[in-house]
Amino acid sequence: MALILGIDTGGTHTDAVALDPATGNVVAWHKTPTTHADLALGIAAAIDGLQGIAPGQIGLVTLSTTLATNAAIEGLGGRVCALLIGYDKAMLHRYGLAHRIHAAALEFIPGRHDVFGDERTPLDEDALRRAVERWRAHVDAFAVSSYLSVRNPEHELRAAEIVAELTDRPVVAGGTVGRSLDSIRRATTAVLNARLVPQIERLLAAIRRSVAQRGIAAPITVLRGDGAVMPLAVARDRPVETLLSGPAASAVGAHRLTGRDAALVIDMGGTTTDVALLRHGRPKISDRGAAISDWRTAVRAAEVRSFGIGGDSRILADPLDLSVGPQRVQPLSAAAATDPTVADALTRIDRDNVTHRLVPVWEFLTLNGAAADTVRSPAEQGICTALREGPLDITTLARRIGLADSRLLNLRSLIARGVIRRIGLTPTDVLRARGALQGLDVDSAIRACRVAARESRVDLDTFLARTHELVVRQLGEGILRRAVAEFDHRASQADDRLGRLLLDRSLSRNHRRDPLDVRLVITDPIVALGAPAGAWLPEVARRLHAECQVPVLAGVASAVGAAAGRAIEQVEFLLRPLYSRSGITGYVVHGPTERRRFSSIAAARTYIHQAGPELARSRALAAGVSQPQVTHAEHSWDAPAENPGEAGYLMETRFTFTGSGRPGG
């Protein structure tokens, strides 16, 4: 039987595995650094590292990635104008909801449907055209969201057509990427999808190129955030569905590597740590939609707590504060190992006692590759010109472009658009400075930690101990908050004084003070995954009084999960009666692409049972499943009758049709 090539592209490493689907065994694997300037180089190196695997042996390629999740957490992506049809502008601003959409610009367009899908206010196409004209030269993409598009998508689809006629910028319709009634989540999802299009397109182009150059003719699929795979073309149009793709792949991989059906899966990568529940061998799916940092989306995905701490998290230190994450930087020990100028500059900074209480003098900036031609101002051009010959520490860069103080450097937009990136102090460097991790440039890691310790007004050993403890505490707190969410989701987000005391004391070595012993115990076994997992998570598990397992292939578990993914395509139909004073006057069916009325419930159900399986099957076929299995479920909501013993009133029936199978099988 043909092998499945699983590839995971993360913020730090790109992994590849060859999986035998008949036995479930990994027959080859390889890990290599992610090459952000040209992702194809890292993907090619990962594939080439699979010893003894010929291109003709590969029958399917499946990709998982944390790039979308990382971009959301780090605030990366293009500028998006959100076109909101039928939204109440005053209400959004009154209740502070507008900022949750995260758009560079909000335009409110007249047009409205009611909850039954009937048009109440026509779409104002002239206002829409004026809004597009205003912003098309200033944004990178448009997102369209109609307030009740889940009941009738016609305004949203028409608006997307008009935008596409007026501009070549990408346009995303909210109903295509989220089916939630929560209009804010749908708008947010559309905006995030639009922001992610260029990020994911780079990755998909790289995977296509790398696979083709190696003579691999197999179809390519991408793992979604719910652990199922989708075709490459769908991933290109709906990159937001790859949110939490990495954590979902980790959970599937944890099951494959350990055989456990239930566990708390902790995947510590370079940028983030993801905590997922494994239940019945699959990741537990959120019924609210994926939540990443400040983004609250309508994307079906694994119920994961993803927080910004990983092996490559940015460490900042001054006399009053010490922080880790959420931004990712290239570790100084890695940069210095490949570029002697970084090592030499660190030696000079350490020797000359270079200092600045408000700026991390140990950090460097470097160009990030081909994106440098997108600079938008003379100031940005000056920074890029100064960096063309190689990385510069932040003090030298400021001096080169004529600034009196490095605080005056405006780097946020260049970093957000991926034009430049930071090189800085990370937990990986701390491990090397403490002697817990070898390889690369250990001396540079020690020098950087010594400079940061000097800025913090402590000695080197104290700085290393404090930083190590902070990483352990943050990891432990993220795990505990994910566990608390099983009791109360809102409580898991709270930060009151009592909760903070319980979290801090439980994670400390001194959790007992008579008459109280504060111990929060994780009852599920912890499966620790990711390259840095073995260095941090066993200690975290001990403080949580939990069993901890680090599988042999923990470092490539996401690639294993990608290779083990199945195609699962779900479609939903909602059947609702239309009531009047005289009783039921008809029935309305809200489907994924249209709304239809029927005079009888029998006719409505007949339509659903014909259209639903056909749509689920066609989507599964499009995902590469040659013989999909189609199942369905339905759930009715009845309002109780006024008189006991009488039948209730049907309010709605929700039908779910699922087409599934392994792509290529």
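**Contacts of one residue**

Student: Leaving aside its neighbours within four places in sequence, with which residues is Arg260 in contact?
Tutor: Contact means heavy atoms within 4.5 Å. With those neighbours left aside, Arg260 is in contact with His255, Leu278, Pro525, Val527, Glu547 and Gln549. Please note that this is a predicted model, in which local features need pLDDT of at least 70 and side-chain atom pairs count only at pLDDT 80 or more, while totals for chains, interfaces and linings use all residues. Residues are numbered from 1 along each chain as its sequence is written, and side-chain values use heavy atoms, with hydrogens and water left out.

Student: Where does Arg260 lie?
Tutor: Helices (H or I, at least four residues) and strands (E, at least two) are DSSP runs, numbered from the N terminus. Arg260 is found in the loop between helix H9 (245-258) and strand E13 (263-268). Its C-alpha atom is separated by 25 Å from that of Gly10, 250 residues apart along the chain.

Student: How do I read the crossing of H17 and H20?
Tutor: Axes are lines fitted to C-alpha atoms, for helices over the stretch in contact, and angles run from 0 to 180 degrees between N-to-C directions. A crossing is left-handed if the near helix is turned anticlockwise from the far one by less than a right angle, and right-handed if clockwise. Here the axes of helix H17 (residues 460-484) and helix H20 (residues 533-543) come within 9 Å and cross at roughly 65°, and the crossing is right-handed. Among the residues making this contact are His468 and Leu475 of H17 and Trp536 and Arg543 of H20.

Student: How do the residues of that contact divide?
Tutor: Ala, Val, Leu, Ile, Met, Phe, Trp, Tyr, Cys and Pro count as nonpolar, Asp, Glu, Lys and Arg as charged, and the others, Gly among them, as polar. The contact of H17 with H20 has 7 nonpolar, 2 polar and 4 charged residues.

Student: At what angle do the axes of H11 and H16 cross?
Tutor: The axes of helix H11 (residues 340-351) and helix H16 (residues 442-455) cross at roughly 35° and come within 9 Å. H11 passes H16 in a left-handed crossing. Leu346 of H11 and Val451 of H16 are among the residues that make the contact. By class, the residues of this contact divide into 5 nonpolar, 2 polar and 4 charged.
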